[in-house]
Amino acid sequence: SYMQNVALLGFGTVGASVARILDERISDVNLTSILVRAGKEHVDPRATSNFDAILSDSALDTVVECMGGLSPAYEYIKAALIAKKNVVTSNKAVVSAHFEEFMTLAAEAGVNLKIEACVCGGIPWIAGIQKVRRIDEISAFWGIMNGTTNYIVYSMLKDGTDFAEVLSKAQELGYAERDPSSDIDGIDVRSKTMISASIAFDVICTNQIPMSGIRNLTKRDLAMFGSHDMTIKLFGRGVSNGSSYAVVVEPVAVPLSAIEAHVPTNFNVATVVGDTIGELKFYGQGAGGNPTANAVVQDIIDCADAPIEGQQNFSANLLYNPELFVSDYVFRTQADIPGGSFWEPGAQLVKNLSAEKARELLTSALTQDPTTFMAALEKRN
Ligand code: HSE
C-alpha cells in the first residue's frame, strides 16, 4: 500500500482518539490536518479552521468526518466526495439522513464511502452484515445499539443509581451524545437502525418509523419487570420477508435467559439472521472514543488496502409494512389504555399490537400521564 494522506474533521471524543491511534500505530497513514472550530487551533499543530484549504490539497486522499450533527457535516462530506476524496465517517445522523445521496456521489467519483463507526462503535457490524449478504438473504436483525442507555439501565440495576445521575456519568465517560435526548429518546438508535436496514435489505429507510425510548424508565419499573424475570433493553430492530420490511426502535422487555439481558455498561450486542448462517451475534463496545475510533481507523486502512467494493445499492423494491412487527406491550401509566388488561398494579398489558399502533397508544397515554413508560414483551420461543 501507499502513504495515505488523511484530513480529520472534528477533534472531540472520537476525533481525538482517531488522531492518537493514527499517530501512534499506523505508519502508512499521514494525518495532515485537523479541522477545528475557529479559536481552537491550539489543540494540535495540524489544526486549522479552514475547510476549503484542507479540500484544495491535491495530495489529500481521504477525509475523515467525526464532527457529528447534520450541518456542516453534510456540506463537507458532499464537497469531499465531489472532489474525489474517500470519505470515512462516524456520523450516523448525517449518514442516515443522506445515505443514498452520499453513495451516489461516491460511485460517480469512484471513491470509498465508509461508515463502519456509525453503528455499534467498534463492532464490525456493517462489515459483518455485508459479509453475511455475500451468501445469505437476511430475514431479521436486532440489537442493543446505544451504549449510553445500556449503561444507564445497567447502573440503575446494579448500583441502584437514579436515571439522571447515571446519565451525567455516561456523559463524563464520553458515551452520550452532546444532546443526550438523542440517546434516551431513541434518535441515535433510529439512525443506526435505518443504516443497518439499508445494508441488510437494500432499502432507502426514512425516519418515519415507530420510535420510543427510555426517558421515563424508573427503578420501580425495572423491579416490576424483574419480578417477571425480564429486564429492559432499548432495541433497534429490522425484519424482512423478502417482499416487505419494517424497522422499529423501542424498549423491549427481554427474558433474563436471553444473552441481551446480560450485556453490561456501554457494550452493545447486535444480531443478524441469515438463511444459512442462522443467528449471528456481534458483541463489543458501542460507544466511547477508542472503540469508535478503532472502527474509523479500520475504514481508513481499507481505503488504501482494499479496492472500492460494490457500493451499497438501494434498489430492492421492498414495501415498508409496519404490520410485520406485532408484540404484546406493557404500559406503566395512570392513563386509560384502550384494550388494556391488568398486568401489575399501575401497569396494563395490550396483546398483539403493531409497533406503530403501540407508539400511537403511547403518544395518547403521554398526554394524560407524562411519566408513562412502554415496553414490548419479547416473544419467547
Ligand atoms: N451516544 C452513542 C451511544 C455513541 O451511547 O451509543 C455511539 O454512537
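1. D305 is found in helix α11, where helices (H or I, at least four residues) are DSSP runs numbered from the N terminus. The C-alpha atom of D305 is separated by 9.9 Å from that of Q4, with the two residues 301 apart along the chain.

2. A word on what you are looking at: this is a predicted model, in which local features need pLDDT of at least 70 and side-chain atom pairs count only at pLDDT 80 or more, while totals for chains, interfaces and linings use all residues. Residues are numbered from 1 along each chain as its sequence is written, and side-chain values use heavy atoms, leaving out hydrogens and water.

3. Staying with α11 (residues 289–305), have a look at its packing against α1 (residues 13–25): the axes come within 8 Å and cross at roughly 60 degrees. Axes here are lines fitted to C-alpha atoms, for helices over the stretch in contact, with angles running from 0 to 180 degrees between N-to-C directions. The two helices are therefore oblique to each other; angles under 35 degrees count as roughly parallel, over 145 as roughly antiparallel, 65 to 115 as roughly perpendicular and the rest as oblique.

4. Who meets whom there? On the α1 side are T13, V14, S17, V18, R20, I21 and L22, and on the α11 side G289, N290, T292, A293, N294, V296, V297 and I300, contact meaning heavy atoms within 4.5 Å.

5. The second pair to check is α6 (residues 147–159) with α7 (residues 163–172), whose axes come within 9 Å and cross at roughly 135 degrees. That angle makes α6 oblique to α7. From α6 the contact uses T148, Y151, I152, S155 and M156, and from α7 it uses F163, V166, L167, K169 and A170.

6. Now the interior. A nonpolar core is a set of buried Ala, Val, Leu, Ile, Met, Phe, Trp, Tyr and Cys residues joined through side-chain atoms within 4.5 Å. The largest has 82 residues, of which F99, I115, W125, I195, F201 and F225 touch the most other members. Helix α4 (residues 92–109) gives the most to this core, with 8 residues. Apart from it lies another core of 27 residues, including V239, A261, V273 and L362.

7. I115 deserves a click: leaving aside residues up to four places away in sequence, I115 touches T89, V95, F99, I126, I195, I199 and D299.

Note on methods: Buried means under 20% relative accessible area, exposed over 50%, partly exposed in between (1.4 Å probe, protein chains only).
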